[in-house]
Amino acid sequence: MLNKPRLLTPGPTPLPESVRLAMAVDMIHHRKPEFKKVMAEAQQNLRLLFGTNQPVLPLTSSGTGAMTAAICNLFSAGEKVLVIDGGSFAQRWAKIAYSHGLEVVLHHVDHGRAVVPAQVAEALKRNPDIKGVCVQLCETSTGVQHPVKELAAITSKTNALLLVDGISGVGICPCPMDQWGMDCLLTGSQKGLMLPPGLAFIALSERAWKKAEGIKNTNFYFNLPQEKANILKNQTSYTPAIGLLLGLNKSLELFFETGLDNVYRKQWALCSMARAGVGAMGLQLFAPDAPAWGVTSVLMPGGISSADVLREAAATYGVVMAAGQGDFTDRIIRIGHMGWVDWADLAAALHALFMSFAACGGYSGSRDYLEQALAAYWQALKSDYPV
């Protein structure tokens, strides 16, 4: 293939060369001073990234492991939680809660739409015994960003803890945990953090830690109080993914060399670029009003298979994007533009989408889609991003 392969899925995402090289060094032992130094450096920068004074715990697992840890450590069987059900990953919150014996109240949100905070407030009034609200910062399956800041303002006035899945949000859009009042924020390594899959990270608020101290944890591996005690000694409870943690420190170094404000500005500009390009093609955005900063979902018109378009884009243009999930598997295309992705990568993805859609029998739309997309990018880069 003459084309440079480009990975523009909503995770895993491309890796900077310096991160790959950091993970290629000789192995170190996880109970020795050299590793403790690595963990101390990681902890300092993770707290800055999460916007919290609380410990940020690394877990050797996927992001689902962190979701499981949150449920098992913060709730006892029989307690009631509210799950904002707006996509496949919201439904994962519900499945984990059910498996832990919780009573789940589902608040359904149309796929492609963000939750309305006032409706969550009303649900909490109707169910004053709800102990937690589980939500995605970014619902990766649909490309929607939920108003977590507004939800935190509501839950902070109640006894309900706010658990936020930031797997496609942390390192991509602003989500300062302490400032906004989230009680649990978690993420995975393979998205905005520019690492391979295999690590998850979770932080709890002071009131969440107090709740966790009174819970009998039934999960041997995901024991957050035990992990907290170890991280305060720059250790982990069990053998960690040492290579990934070495890569993490290099990735976090890149974040803070660039500056978080500049990272967020670039991510918002990429989001604006993707949406402008898709609109210029005459295609419909699946999440028109609440865009995720790291993934743009495009609705395919009737008669056009997303699988066919994706196959053509990968085979002819070297661009790998993702299909939808669940009922939308063959109806939407998800373009990932998070982490180590720049405007040129996204321009290649938009061109691949345009040409592949036409090759599969779709209307080709406006030929100036790249011009409009790039104009939107540079304009957004010079403007304030929304918070």
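Colleague: Which residues of helix 8 are buried?

Modeller: Helices (H or I, at least four residues) and strands (E, at least two) are DSSP runs numbered from the N terminus, and buried means under 20% relative accessible area, exposed over 50%, partly exposed in between, with a 1.4 Å probe and protein chains only. In helix 8 (residues 206-213), the buried ones are Ala 208, Trp 209 and Ala 212. These residues cover an arc of only 100° around the axis, which puts them on the same side of helix 8; the arc is taken over the directions from the helix axis to the C-beta atoms. Glu 206, Lys 210 and Glu 213 are exposed on the other side of helix 8.

Colleague: Before we go on, what am I looking at?

Modeller: This is a predicted model, where local features need pLDDT of at least 70 and side-chain atom pairs count only at pLDDT 80 or more, while totals for chains, interfaces and linings use all residues. Residues are numbered from 1 along each chain as its sequence is written, and side-chain values use heavy atoms, with hydrogens and water left out.

Colleague: Got it. What covers the buried residues of helix 8?

Modeller: The cover includes strand 2 (56-59), helix 3 (63-74), strand 8 (161-165), strand 10 and helix 9.

Colleague: How do I check a helix's length, say for helix 14: what span should its residues give?

Modeller: Take 1.5 Å times one less than the number of residues. Helix 14 (residues 369-381) has 13 residues, so it should span 18 Å, and its end C-alpha atoms are 18 Å apart, which agrees. Its buried residues are Tyr 369, Ala 373, Ala 376, Tyr 377 and Ala 380. Those fall within an arc of 100° seen down the axis, so they line one face of helix 14. Helix 11 (260-280) and helix 13 (343-359) are among the elements covering them.

Colleague: Where do residues other than glycine have a positive phi?

Modeller: Two cases to look at. Met 194 has phi near 60°; it sits in the loop between strand 9 (184-188) and strand 10 (200-204), and counts as buried at 7% relative accessibility. Asn 234 has a positive phi of about 60°, lies in the loop between helix 9 (224-231) and helix 10 (242-258), and is partly exposed at 23% relative accessible area.

Colleague: What about peptide bonds: is the one from Gly 11 to Pro 12 cis or trans?

Modeller: Cis, with omega near -5°. Pro 12 belongs to the loop between strand 1 (6-7) and helix 1 (17-22).

Colleague: How many cavities of 30 Å³ or more does the structure hold?

Modeller: A cavity is a set of points on a 1 Å grid over the protein atoms alone where a 1.4 Å probe fits but cannot get out, and lining residues have an atom within 4 Å of a point. Grid points are joined across faces, edges and corners, and a volume is the space filled by probe spheres set on the points. The structure holds 3 of them. The largest has about 70 Å³ of space, and its lining includes Pro 58, Tyr 221, Glu 227 and Tyr 238. By class, that lining has 5 nonpolar, 4 polar and 1 charged residues, where Ala, Val, Leu, Ile, Met, Phe, Trp, Tyr, Cys and Pro count as nonpolar, Asp, Glu, Lys and Arg as charged, and the others, Gly among them, as polar.

Colleague: Which strand gives the most to the lining of the second largest cavity?

Modeller: Strand 12 (residues 295-299), with 3 residues. That second largest cavity has about 40 Å³ of space, and Thr 142, Arg 275 and Val 295 are among its lining residues.

Colleague: Last one: is Leu 310 buried or exposed?

Modeller: Leu 310 is buried, at 13% relative accessible area, and belongs to helix 12 (residues 306-317). Contact means heavy atoms within 4.5 Å. Leaving aside neighbours within four places in sequence, Leu 310 touches Met 321, Ala 322, Ala 323 and Ile 333. For contrast, look at His 108 in strand 4 (residues 103-108): His 108 is exposed, with a relative accessible area of 57%.

Technical notes: On a 1 Å grid over the protein atoms alone, a cavity is a set of points where a 1.4 Å probe fits but cannot get out, and a pocket is an open set with protein on both sides within 12 Å along at least five of seven lines; lining residues have an atom within 4 Å of a point.
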